[in-house]
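Open the model in your viewer and follow along. We start with the whole chain and then go inside.

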Amino acid sequence: MLFNDTASIDNILVTETTRTHFLAGLERVARVIDSTPDYGAIIGHRITDSLRDRFNASAPIEELRRSALAEWRAMIGKSKQATYALPDVDILFMGRTKNNLREFAFFLDILGGLDKKFSHYNAVDLKFSKRQHNQEHLDQLIAHLAPAMVAYLESRETIRPELVYQLGEFGVHFVRYLFSLTRSDSKHPLVAVVANDHSPNPVAFSLAMKTFNINRIYLQHAEVSPSFPPLDFEYSILRNAVSRRIYENISPIKGNSFVISRFKEPFKYPQYSRDHTAKHSIVLYTTGRVNLDGLRLVVERLKANALGSSIYVKPHPNQAAVEWPTDLAILDGFPDFPHIALVANSSVVVELLHQGIPVFQNFDFDPVEPDYYGFVKNGIAGPAPAEALSGAFWNLFSFDHEWYSRYSDHYAPSQAESDVDKTKLLAEISGLFGHRSRPRAGAPKQLLPVRLPKAKLPPYGKVIVNGVTKLSSRFVLEMVKYIAYESPLRTRQAIQELRTSGAHLAVHASSTTPDAKKLHWLEASIAGAINPADWLQHTLTVGVINDDEAIKALDQLYISRNTVVFTLFDQLDELEAHLPVYLWLSFKRFEITGVELPYPLEGMIGAILDLPNLRFIRASLEGLAFNACLRENRLDLLNLIFEKGLRVRRNTLSTTRRIALLRHLIVSGNVEEYEKVREEFWEAETPFHQLKISDLDNVFGTKHGGLSHHQTELAFEERAPPAIVAEFKADIKPVYNRLRSNMSFMDVRYDAEERNHFQRLVVDAIRQKKPFSMIRLSDGEGYTFADDHEYFTLEDQLNRERHWWGIELDEVRRSSITANIRSVVDQADVLGIPSIHRFVRDTHKKSTSLKTTVQGRGLLQVLHYFSHHPSSSLFGEEKMNIPLFRSQEAVREMLSAAENCLLVSSANTDQLPEWMRGLTTISHVTVPTHHRTSRNEKYHVSDQPLPLVYEAINEEVRRKTSPGTLVLVAAGLAGKVFIGSAKNAGGVALDLGSVMDEWLEAGIHSLH
């Protein structure tokens, strides 16, 4: 949210909640400082001499309070005023130390039990962005928080310089996170995770998130002490029982807490030789700050120990800069040799003990108070005072069974106990993540430039080579050859290596418009990849391709009906980090297969509207969202697209989308809105496109009436683009004229008498037990009549096979199917053929030929068959099934007239509409569904596509059909064969087509 006016900040930040959380943060930060007398030694390197002088303990308390308030204001005022644009992730971590990062990895490992993917990012890696608030907003926020600061300072009797510094740090971070959370380009995470509950930055982060009602998770990264602040997180994941007891003694725990062991390996008893003559290596484990004088004393004593074979120092992972004594051996990593551990105040004690390393504690080289965590007091670690270091101090403490009882009770939850709490945790937080309402854009990509090879390459070649440079030199050479010579045939091995590469690289993505050669390569690579989602994920991350190129390639692959698109539908979750591609695949899957969107539609649209204004991406996604709004009957969200969209606006809608919207309005019964929108669109359209609107009136019988099929032909000749009119006169009109005397059902969509005529034919045939068949021939049936490929090519046939069945047939099987269908067509009583309404729908003012699309070529091929082939059938339009069978009453009459009904479809039996039941005996022959609906639970999926099993199904249909049986077939192209067999067996067989999808409410109906 942008601060557009002064009032807006009041509603967001200047609230009592903000002030309450600010005060809580002051108390949390101060608690550890107040409980640690030597805290100044821990952060002393950050305290300036000036600050020490101004907050000298001898100064009057009133003066210290006034100075502390002024210092707090000054630190915030002088701090960098930039803020963070928070990334669109599920989980936002906050922590930079190795121990913190280890906890974050541990948490993500736990989340693996949910079997979901979560986007995440660490706030410490965020880069500053120019602030969106102004100085007035900052002054107003400081003025709002100041009374809480004053009240807190008034409550104190001591104010030390380290306290002033840390409270100022907290204030700086708290204000920055608040303003970051209100940025218009920030996204709020589902959960915020910290592994520190008392340092200024993570406390500020946590409480800013709490201010905005974002759930927080605390991961205990080390052991705790009574000086820690209370637990107030929504979820806390503790390390052991003693930590929970300590927190409970501090204050009642708020939120849910869980104790989960951090150890993956089983416990080992600490073992070492207690022989008085045995020698041991000794490793000193330091804390983040080191008392060098104490360290020298300890090392001096250890050197005097005749039983110490060697002495090493293992620095803390977050070790401050130290000038180590030159005679000390410093270890970079964790020691892998047997040794005695001499540890300062560090929770590494527990980790060492778990690994079987005996631990003793000495506090002389640690500035923090002795036994801060209570390990010695609780009998967990052995004491090793300076006076004992010159002898066998390891023999003064026993790691026996009594010790193990203390250790396991305090610090080692059993695996079974951990598993119980882990299960509870997952049950709790799965609900959190289940509330996600939109896909996440994911973390910002960390792009690292790499040097380009010195070769003359086309622009897209540089991007690809840039990405693969870090692979083997041989691979780079092969890729350079491929790109430089643009010869994919010579470098198949190189292409295959890139397709199957698992490399994670980092390069800058190309922003240039992709050229045809690169897109051709990209389509081939996606189609040939062993794991296409993995290949896309890597190449998008690397920057070899960008989202624009990926979507264009995927769109082309779908147009060619390449089955790899359906594979990507199944692997959709793997691509969520690449949001534009993920959104495109999600909406496309919904549109094609009817499989529901992965998130609520409003969330999906919100994600689209947040994307940058990249022309092709936004146009594609807004168009898909437009379609989804119509399918889901969400006109409220459609208006949101019109209001906030960049490419799909109501006043600039394409004619196709205008028709889709009008169709939806009339189908949904919103007649008043239909009339209003129709008038608006009519005025904006050309005379030819007005014909499309008239055609819609025709379909749904609005008050505007409509033209008959023959009248529409004449109007089409008058208004369509000249090139299309020429094709119409040459290839279509002669066929219509040839068949016109038998065109009994061309106006069935609006003419009730024609519908009644057809109904009488069917019901009479059922009652008289007279064989009868009705078959529809649309663009796909061009496949059947393409032996000589006058219009419909072999590639068109292969395209349809991939589209329908997900495979390509051999010539023998293809010829057998098409011959059978032609025979059935020749015997049909009623045939639906491509009507003028279809050509009106598919033609646009810029159309130059009907032959430019596979659909247009299919329509022409069907009509070509009847240009010379005699037929005694009655003819109707190809979509006559919709007005004839959409009406339940008409179908009920047919069912009631029949003694038996045989339904042949890919619908799952339990999905059949209830209204069909009870009217007659219905049996169901289930066929393998269309390839595109194979992901939809309403349909039956088989291991074998229909063409490979249709002969057995045809025999079953023949066996179950007898004279008078009503046979309703919805089985695609191959279903025409079943219709013919049913008629030959004496049945009345009707081609239901897509009406079955409407009966099932499968969500895959055409919008046009």
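Predicted model: local features only at pLDDT ≥ 70, side-chain atom pairs only at ≥ 80, totals over all residues.

Residues are numbered from 1 along each chain as its sequence is written, and side-chain values use heavy atoms, leaving out hydrogens and water.

**Whole chain.** Select everything. The C-alpha trace spans about 115 × 70 × 65 Å along its principal axes. Switch to cartoon: the chain has 40 helices and 22 strands. These are DSSP runs, numbered from the N terminus: helices are H or I with at least four residues, strands E with at least two.

**Burial.** Of the 1008 residues, 57% count as buried, meaning under 20% relative accessible area with a 1.4 Å probe, protein chains only.

**Inside.** How many cavities of 30 Å³ or more does a search of the whole structure find? It finds six. A cavity here is a set of points, on a 1 Å grid over the protein atoms alone, where a 1.4 Å probe fits but cannot get out.

**Second largest cavity.** Select Ile 76, Ser 79, Lys 80, Gln 81, Ala 82, Thr 83, His 133, Leu 138, Val 172, Val 175, Arg 176 and Phe 179, which line the second largest cavity. Lining residues have an atom within 4 Å of a point. About 70 Å³ of space lies there, a volume filled by probe spheres set on the points.

**Last stop.** Colour residues 161–181, helix H8. Helix H8 gives the most to this lining, with four residues.

Key:
Buried < 20%, exposed > 50% of the residue type's maximum accessible area, 1.4 Å probe, protein only. 1 Å grid on protein atoms, 1.4 Å probe; cavity = no way out; pocket = protein on both sides within 12 Å on 5 of 7 lines; lining within 4 Å.
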